[in-house]
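Trainee: I am new to this structure. Please take me through one part of it closely, and then through what surrounds that part.

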Amino acid sequence: MAKGTNKRAARGRGAARGRSPEPVTASVDGGLAELVPDRDRPRGWTLLLDGKPQSHVDLDDPAYLDFEYQRRLGHVADLAAPPGRPLHAVHLGGGAFTLARYIAATRPRSTQQIIEIDAPLVQFVRRELPLDPGDRIRVRGADARAGLAKVPDGWADLIIADVFSGARTPAHLTSAEFLAEVRRALRPDGCYAANLADGPPLTHLKAQIATARAAFAEVCLTADPALLRGRRFGNAVLLAADRELPLAELTRRAAGDPHPARVEHGRALADFTGGAAPVTDATAAPSPAPPPAVFA
């Protein structure tokens, strides 16, 4: 059970008539979870863990994606199959279930699994920001890699990894052995997308690209040009598959976002890695912790 829930808060289902919603908090395994209302969107909420923004969701408009990395993952979901076709999707990491809600809204009749290790966080989000019972979203309490191992062979059209513990991706979710499990669960034409965080000198990001390039036939990366130049800490979205990637449309969408991004692929992406070696379970390390200024 979630501990220390702030009972004064308005629920995600809506504030009392004539009253503005207030933040709501709970103690979860990952620290202090807080849902802060979006003053510009009547039923929009931002999830924070220990004061660090994790995700944003709008219950009235689940197709709205506020965070730039979530918009980039949304582009991947849009391009994973022809428009409107239902997906089998696996989400490693839960947050506020933003991408699962997005796929349910944009691709009705999709079947989705969310794998999240923090059971109190799941209970908190379910209670305050309820899922639509008709959206065919199952939430499973488990470690991401252990939960992925229970997904049937070739089941998923799309697997999205967005897992952070204390703002760092755990080491066992960065290795070639982990990606082998991803490939096992994907359909032959399925896609894998990962939210990666790194900063100068981008050692972690380069190693993750090298690992993905060793596992999949096609890999691309979408990121802010300043991050790619090693000028700041930030998020990059990696996309990998054993089929041709929708590079032209992904590039167009990334360039048109409120925070424009660049898509790297092929020789340019190989050159970017600078000879980095793929990561194995024996050599894996967590992603680097973001500097305090990122959350200032």
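Mentor: Start with the largest cavity. Strand 9 (186-198) and helix 6 (203-215) each supply at least two residues of its lining. Keep in mind that this is a predicted model. Strand 9 gives the most to the lining of the largest cavity, namely four residues. The volume of the largest cavity is about 100 Å³. It is lined by 13 residues, and those closest to its centre are Ala161, Thr169, Leu173, Asn195 and Leu196. Sorted by class, the lining of the largest cavity holds seven nonpolar, five polar and one charged residues.

How many cavities of 30 Å³ or more does a search of the whole structure find? The search finds two. The second largest cavity has a volume of about 70 Å³. Its lining is made of Leu173, Thr174, Phe178, Leu179, Tyr192, Ala194, Leu196, Gln208, Thr211, Ala212 and Leu238. Helix 5 (176-185), strand 9 and helix 6 are the elements that give this second lining two or more residues. Leu173 is among the residues closest to the centre of the largest cavity, and Leu173 also lines the second largest cavity. Leu196 is likewise among those closest to the centre of the largest cavity, and Leu196 too lines the second one. By class, the second largest cavity is lined by eight nonpolar, three polar and no charged residues.

Now look at a pocket. The second largest pocket holds about 170 Å³ of space. Arg43, Asp58, Leu59, Pro62, Arg101, Ala105, Pro130, Leu131, Asp132 and Asp135 line this pocket. Its lining divides into five nonpolar, no polar and five charged residues.

Two of those pocket residues, Arg101 and Ala105, fall within the range of helix 2 (residues 98-106). Helix 1 (residues 68-79) packs with helix 2 at an angle of about 40 degrees, and their axes are 10 Å apart. Helix 1 and helix 2 are therefore oblique to each other. The crossing of helix 1 past helix 2 is right-handed. From helix 1, the residues in contact are Gln70, Leu73, Gly74, Ala77 and Asp78; from helix 2, they meet Thr98, Leu99, Tyr102, Ile103 and Thr106. This contact of helix 1 with helix 2 has five nonpolar, four polar and one charged residues.

Helix 1 has another partner, helix 8 (residues 247-256). Here the angle is about 150 degrees, with the axes 10 Å apart. Helix 1 and helix 8 are therefore roughly antiparallel to each other. Helix 1 passes helix 8 in a right-handed crossing. His75, Asp78 and Leu79 of helix 1 meet Glu249, Leu250, Arg253 and Ala254 of helix 8. By class, that contact has three nonpolar, one polar and three charged residues.

Finish on Leu79, which lies in helix 1. Which residues does Leu79 touch, not counting those up to four places away in sequence? Leu79 touches Arg107, Arg243, Pro246, Glu249, Leu250 and Arg253. Thr25 is another matter: Leu79 and Thr25 are 54 residues apart in sequence, and 36 Å apart in space from C-alpha to C-alpha.

Methods: Residues are numbered from 1 along each chain as its sequence is written. This is a predicted model: local features need pLDDT of at least 70, side-chain atom pairs count only at pLDDT 80 or more; totals for chains, interfaces and linings use all residues. Side-chain values use heavy atoms; hydrogens and water are left out. On a 1 Å grid over the protein atoms alone, a cavity is a set of points where a 1.4 Å probe fits but cannot get out, and a pocket is an open set with protein on both sides within 12 Å along at least five of seven lines; lining residues have an atom within 4 Å of a point. Grid points are joined across faces, edges and corners, and a volume is the space filled by probe spheres set on the points. Ala, Val, Leu, Ile, Met, Phe, Trp, Tyr, Cys and Pro count as nonpolar, Asp, Glu, Lys and Arg as charged, and the others, Gly among them, as polar. Axes are lines fitted to C-alpha atoms, for helices over the stretch in contact, and angles run from 0 to 180 degrees between N-to-C directions. Angles under 35 degrees count as roughly parallel, over 145 as roughly antiparallel, 65 to 115 as roughly perpendicular and the rest as oblique. A crossing is left-handed if the near helix is turned anticlockwise from the far one by less than a right angle, and right-handed if clockwise. Contact means heavy atoms within 4.5 Å.
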